4 protein chains.
Amino acid sequence: MATEKLDTATRREQIAEAALALISEKGMQGLAIASLARRVGLVNSALYRHFNGKDEVLDAMLDLIGDRLMANVKAVRRESARPLDQLRQLLMRHIRLIRENQALPRIVFSEEIYSGKPERRTKLFNIISRYLTNVSDIFSEGQKNGTIRSDTDPLVLAVMFLGLIQPAAILWHLSNNKFDVTKHAEKAWGIFADGLSR
Amino acid sequence: MATEKLDTATRREQIAEAALALISEKGMQGLAIASLARRVGLVNSALYRHFNGKDEVLDAMLDLIGDRLMANVKAVRRESARPLDQLRQLLMRHIRLIRENQALPRIVFSEEIYSGKPERRTKLFNIISRYLTNVSDIFSEGQKNGTIRSDTDPLVLAVMFLGLIQPAAILWHLSNNKFDVTKHAEKAWGIFADGLSR
Amino acid sequence: MATEKLDTATRREQIAEAALALISEKGMQGLAIASLARRVGLVNSALYRHFNGKDEVLDAMLDLIGDRLMANVKAVRRESARPLDQLRQLLMRHIRLIRENQALPRIVFSEEIYSGKPERRTKLFNIISRYLTNVSDIFSEGQKNGTIRSDTDPLVLAVMFLGLIQPAAILWHLSNNKFDVTKHAEKAWGIFADGLSR
Amino acid sequence: MATEKLDTATRREQIAEAALALISEKGMQGLAIASLARRVGLVNSALYRHFNGKDEVLDAMLDLIGDRLMANVKAVRRESARPLDQLRQLLMRHIRLIRENQALPRIVFSEEIYSGKPERRTKLFNIISRYLTNVSDIFSEGQKNGTIRSDTDPLVLAVMFLGLIQPAAILWHLSNNKFDVTKHAEKAWGIFADGLSR
DNA sequence: TATGAATGAGAATTCATTCAT
DNA sequence: TATGAATGAATTCTCATTCAT
């Protein structure tokens with residue numbers, strides 16, 4: 001009715017963000033086209049002017065996630081010079097990202113992401129791979145400057161890095177946010193770092 | 001039509017197993033009562049003789065998962081005497097479990113599991129907690145006999161233990177089973193074990 | 001399991017009574033074969049040994065109702081000699097019958113009675129007609145002995161007689177049993193009786 | 001396919017009317033969302049754009065009934081000045097209403113109407129109560145101007161008034177429309193009116 | 001660009017009934 | 001006679017999507 005008419009570029013952004021928020025709040029099930037449209041002040045069918053269908057919305061949302069992950073990497077690269085410090089900060093940023101955006105783990109596992117469109121699975125794989133590559137670059141640097149043991153594949157370390165957070169995120173989620181992810185991550189990082197230096 | 005008549009106890013088992021398998025193949029979305037029934041050779045409505053509804057099926061399925069996790073723990077406890085060996089073997093068993101049963105990670109994050117029934121979230125939390133407790137018991141033993149550093153909460157170690165597998169499992173899943181979880185787990189375990197001893 | 005095996009004649013009675021009771025309590029919707037069977041201590045399918053299907057149960061139930069209506073007529077015929085007294089007592093008995101057995105009005109109006117089987121509609125019509133004939137006989141007697149005006153068709157009077165109760169029964173029903181049927185019937189009878197004598 | 005698009009206000013009316021008609025023809029059991037939708041030329045799910053569910057349809061239908069009852073009262077109030085004439089005309093209108101709309105008595109007793117929603121029973125009670133109040137107002141007027149005996153509660157008279165039609169309506173219904181309600185009502189009114197004046 | 005109406009596919013669930021034991 | 005398992009049809013409701021305006 002009183003809905004402002006906005007151009008598609010703007011709407012696409014709005015909608016992708018809304019999708020992310022909606023999933024964070026209600027889970028993948030809550031991501032119905034109707035709710036999504038309503039959230040950006042549109043009606044059901046109006047959404048189709050900007051996206052060709054739900055699939056496209058999901059794709060846009062994945063891109064958004066990729067952007068946020070990369071933004072985190074860039075930020076820690078800027079904020080500190082020493083690889084180990086960068087990693088520690090990235091760890092904390094990642095936790096914050098997940099906490100503020102529970103959609104992330106939900107999406108990663110949700111088969112809505114895959115079902116029907118195998119390309120989307122690939123897309124998500126690429127996003128995560130790119131993140132992992134960037135993380136492993138940091139490890140590599142540490143190996144070069146001698147602060148991290150050199151006898152291990154930095155990609156393995158990058159995957160392990162994710163493993164410092166993930167199960168904790170699940171527990172946080174399942175425990176109705178009672179499990180303290182941050183505290184766990186700090187302790188886990190300590191042990192991991194010990195393994196890193198020898 | 002020519003469906004054999006089986007008693008409810010048998011059917012419940014069959015159905016819970018089928019649910020697990022179905023999720024592994026098609027994701028939570030594939031878990032429709034109709035598909036489930038068809039899979040065990042029944043018709044839609046026949047399933048309701050054995051379960052009161054989908055909720056009950058999901059509960060039974062969670063129990064099944066819990067059983068399998070605990071069975072793994074018991075097995076490694078039996079097979080080896082040394083905590084570190086037990087853990088390594090548990091790691092491998094866990095990977096096999098997930099590989100054969102992709103349902104596991106999907107279930108954990110799928111809020112379809114919870115929606116409407118918050119008690120089920122708790123149920124799942126309890127299942128995982130119990131597993132973690134058992135794993136941490138192994139760590140404790142290692143600490144007592146001096147093979148594992150004593151300055152760390154064994155529960156933190158148990159959560160980290162899960163972290164050795166989880167992200168790898170995701171990558172395996174996203175890469176269409178190309179990512180080699182086992183190899184990753186071996187390397188990761190090496191590094192983790194180094195951190196454990198000092 | 002421990003269900004006693006009874007002969008069909010006994011079971012049929014049991015079941016018809018149970019049907020009546022069930023409808024009184026839960027309405028026509030509550031009359032599911034499953035509930036009915038359970039109520040007489042049988043299992044679903046066992047009921048089919050005694051009845052050929054739900055239709056037959058309904059028929060048996062209608063017969064039961066017919067019996068009760070006729071029993072009331074016979075009773076008041078016996079208890080008193082004067083037609084007007086008989087009618088008044090029948091009114092009270094009818095009310096009691098309905099109160100103890102809310103099934104009656106529900107059945108009369110329920111289309112489950114009609115739908116599918118037009119013969120059942122006829123059957124019910126016959127039952128009510130027989131009741132009406134008997135009631136009109138009483139009016140006739142009153143006309144013969146001069147206590148009731150003779151210028152009216154006794155059948156019309158019999159139908160009016162039913163009308164003294166019916167709307168009150170509905171109100172009683174809709175008001176959660178707050179509306180006082182008996183009191184209404186008494187007053188209504190007074191006015192009706194006035195019309196009867198002149 | 002070629003279904004014309006109509007606005008919700010129109011559709012709601014159509015649907016409520018259709019519900020009434022459908023019940024008249026097939027009884028409460030025939031009132032399935034699918035049949036209802038088909039009757040107004042819609043498909044199953046389209047109905048949900050206009051009503052939130054079956055409950056809402058039933059509510060709208062009850063309102064429609066209330067409206068019709070009150071419309072009748074208003075009409076006879078307008079058409080004649082003398083209470084007794086008004087009542088006689090209302091009687092005839094009521095009969096016509098029921099004949100054209102057999103749904104009415106069926107609805108009153110069908111507990112499908114209430115089940116799950118006790119408020120709807122109250123709603124129906126209120127509708128009927130309002131009708132009765134209006135009818136009793138006519139009786140009151142008659143008492144005031146001396147054409148109706150004053151020694152009786154006008155509400156009792158109003159309930160009796162309904163009783164002049166109801167059982168006849170049932171017989172009409174059960175006899176496959178052979179029983180002549182109008183003729184009965186005329187005779188019954190005569191006797192009732194006699195009772196009214198003394 | 002945005003709306004409101006309509007569609008069609010599919011989901012969970014209920015229930016009368018059949019059948020082998 | 002009674003049971004437990006299985007069936008098939010029906011029912012309400014949800015949701016992504018299309019289409020005319």
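Reply: Let us begin with the salt bridge, which is a side-chain nitrogen of Lys or Arg within 4 Å of a carboxyl oxygen of Asp or Glu. This is a predicted model, in which local features need pLDDT of at least 70 and side-chain atom pairs count only at pLDDT 80 or more, while totals for chains, interfaces and linings use all residues. Side-chain values use heavy atoms, without hydrogens and water, residues are numbered from 1 along each chain as its sequence is written, and chains are lettered from A and ligands numbered from 1 in the order in which they are written.

Me: How many salt bridges are there between chain D and chain C?

Reply: The count is 2 salt bridges. In one of them, Arg149(C) pairs with Asp194(D), with the closest N and O atoms 2.5 Å apart. The elements of chain D that give two or more residues to the side touching chain C are helix H6 (103–109), helix H7 (118–144), helix H8 (154–174) and helix H9 (181–197); helices here are DSSP runs of H or I with at least four residues, numbered from the N terminus. H8(D) gives the largest share of that side, 14 residues.

Me: What area is buried between chain D and chain C?

Reply: Buried area is the accessible area (1.4 Å probe) that two parts lose on being put together, summed over both. Here it is about 4100 Å², and carbon and sulfur atoms give 72% of it. Of the area that chain D buries against chain C, 19% is supplied by Phe109(D), Leu174(D) and Ile191(D), more than any other three residues. In terms of contact (heavy atoms within 4.5 Å), 44 residues of chain D meet 45 residues of chain C.

Me: Which residues are closest to DNA strand F?

Reply: A residue is near a strand if one of its heavy atoms lies within 4 Å of it. By that rule 43 residues surround DNA strand F, the closest being Lys5(B), Arg11(B), Ser45(B), Ser45(C) and Arg49(C).
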